[in-house]
Amino acid sequence: MKGYVHSIETCGTVDGPGIRYVLFLQGCPLQCLYCHNPDTWKKCVGDLMDTEDIIKDIIDYLPYMQFSNGGITVSGGEALLQPEFVLDLFTKCKELGIHTTLDTGGSVIPKIIDDILEVTDLVLLDLKHIDEEKHKELTGLSNKNTLKIAKLLMEKEIPVWIRHVLVPGITNDKLQLTKLGNFIAQLSNVEKVEVLPYHKMGEYKWEQLGLVNTLKYVQAPTAEEVDDAYNLIMNQKRKALKGMNQRTIRVSS
């Protein structure tokens with residue numbers, strides 16, 4: 001099975017637990033205003049690679065993965081735009097005992113999503129904006145599929161790390177962060193929440209591609225602002241969980 005690959009990071013440490021072989025696939029239906037890899041948006045470009053060749057390459061890194069409890073992460077672009085490729089690769093990885101992580105924005109729900117999740121150990125789910133209209137302004141599409149996948153992952157009891165990119169003036173609104181905390185509280189399978197600071201490292205790609213960068217004058221958030229946003233989300237999550245538990249006790253009694 002072949003798929004279009006944008007790039008490979010052989011010793012990644014931020015896209016899942018341990019040391020990871022990170023495969024960035026080509027193609028994405030979202031066009032996030034803060035995207036640092038807009039060169040991944042186009043489909044059917046990049047390196048056409050076979051899963052067999054990728055597995056042969058991964059084997060060289062197995063000792064590092066096993067030592068660190070790492071594995072493989074398939075990211076994008078949007079990995080679920082190439083579902084058959086992901087399914088075939090993850091199936092082969094599971095046969096070798098390799099931990100599999102899917103990094104997705106959840107905007108695409110392929111017909112074989114259940115089959116893919118059967119061979120997926122962890123999902124990094126990017127919740128870009130909890131408000132649907134603001135999500136459209138930020139990415140070009142609704143967040144309905146993302147929220148749907150979030151609930152599907154909970155039903156299937158698949159561990160999830162939630163990711164939220166903090167962009168001053170766009171995704172740092174306190175009310176929306178509170179709503180995000182309330183939503184996360186409904187998901188019993190969330191193991192970790194990450195608030196990632198918007199950065200400007202990909203701006204040169206926007207210029208090279210002739211794209212209009214509407215965030216050109218937006219500065220990256222400070223470490224304090226990132227911490228404040230994270231604490232707001234988590235505090236609201238705890239408050240929401242407490243409220244749900246109290247309602248459950250009243251109903252039971």
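**Reading the model step by step**

Analyst: Val-22 is found in strand S2, which covers residues 20-25. Helices (H or I, at least four residues) and strands (E, at least two) are DSSP runs, numbered from the N terminus. This is a predicted model, in which local features need pLDDT of at least 70, side-chain atom pairs count only at pLDDT 80 or more, and totals for chains, interfaces and linings use all residues. Residues are numbered from 1 along each chain as its sequence is written, and side-chain values use heavy atoms, with hydrogens and water left out.

User: Is Val-22 buried or exposed?

Analyst: Buried means under 20% relative accessible area, exposed over 50%, and partly exposed in between (1.4 Å probe, protein chains only). Val-22 counts as buried because its relative accessibility is 0%.

User: Which residues is Val-22 in contact with, leaving aside its neighbours within four places in sequence?

Analyst: Contact means heavy atoms within 4.5 Å. On that basis Val-22 is in contact with Ser-7, Ile-8, Glu-9, Gly-12, Asp-15 and Thr-73, its neighbours within four places in sequence being left aside. As for distance, the C-alpha atoms of Val-22 and Asn-235 are separated by 32 Å, and these residues are 213 apart along the chain.

User: Where does Pro-29 lie, and what does Pro-29 touch?

Analyst: Pro-29 lies in the loop between S2 and strand S3 (47-50). Its relative accessible area is 31%, so Pro-29 is partly exposed. Not counting residues up to four places away in sequence, Pro-29 touches Glu-78, Leu-81, Ser-107, Val-108 and Leu-141. Between the C-alpha atoms of Pro-29 and Asp-15, 14 residues apart along the chain, the separation is 21 Å.

User: How is a nonpolar core read, and which residues have the most contacts inside the largest one?

Analyst: A nonpolar core is a set of buried Ala, Val, Leu, Ile, Met, Phe, Trp, Tyr and Cys residues joined through side-chain atoms within 4.5 Å. The largest core here has 49 residues, and those with the most contacts inside it are Leu-23, Ile-58, Ile-72, Val-74, Leu-89 and Ile-162. Helix H3 (residues 83-95) gives the most to this core, with 5 residues. A second, separate core of 13 residues includes Tyr-34, Leu-138, Val-165 and Val-218.

User: What is Leu-89 in contact with, leaving aside its neighbours within four places in sequence?

Analyst: With those neighbours left aside, the contacts of Leu-89 are Leu-23, Thr-51, Ile-54, Ile-55, Ile-72 and Val-74.

User: Why is Lys-92 classed as it is by relative accessible area?

Analyst: Lys-92 is found in helix H3. Its relative accessible area is 17%, and Lys-92 is therefore buried. Not counting residues up to four places away in sequence, Lys-92 touches Thr-51, Glu-52 and Ile-55.

User: Where is the place of Gln-176?

Analyst: Gln-176 is in helix H7 (residues 174-185). Gln-176 counts as buried because its relative accessibility is 8%. Apart from residues up to four places away in sequence, Gln-176 touches His-129, Ile-130, Asp-131 and Lys-134.

User: How many helices and strands does the protein have?

Analyst: The secondary structure comes to 9 helices and 8 strands. Of the 253 residues in the protein, 48% are buried. Along its principal axes, the C-alpha trace spans about 55 × 50 × 35 Å.
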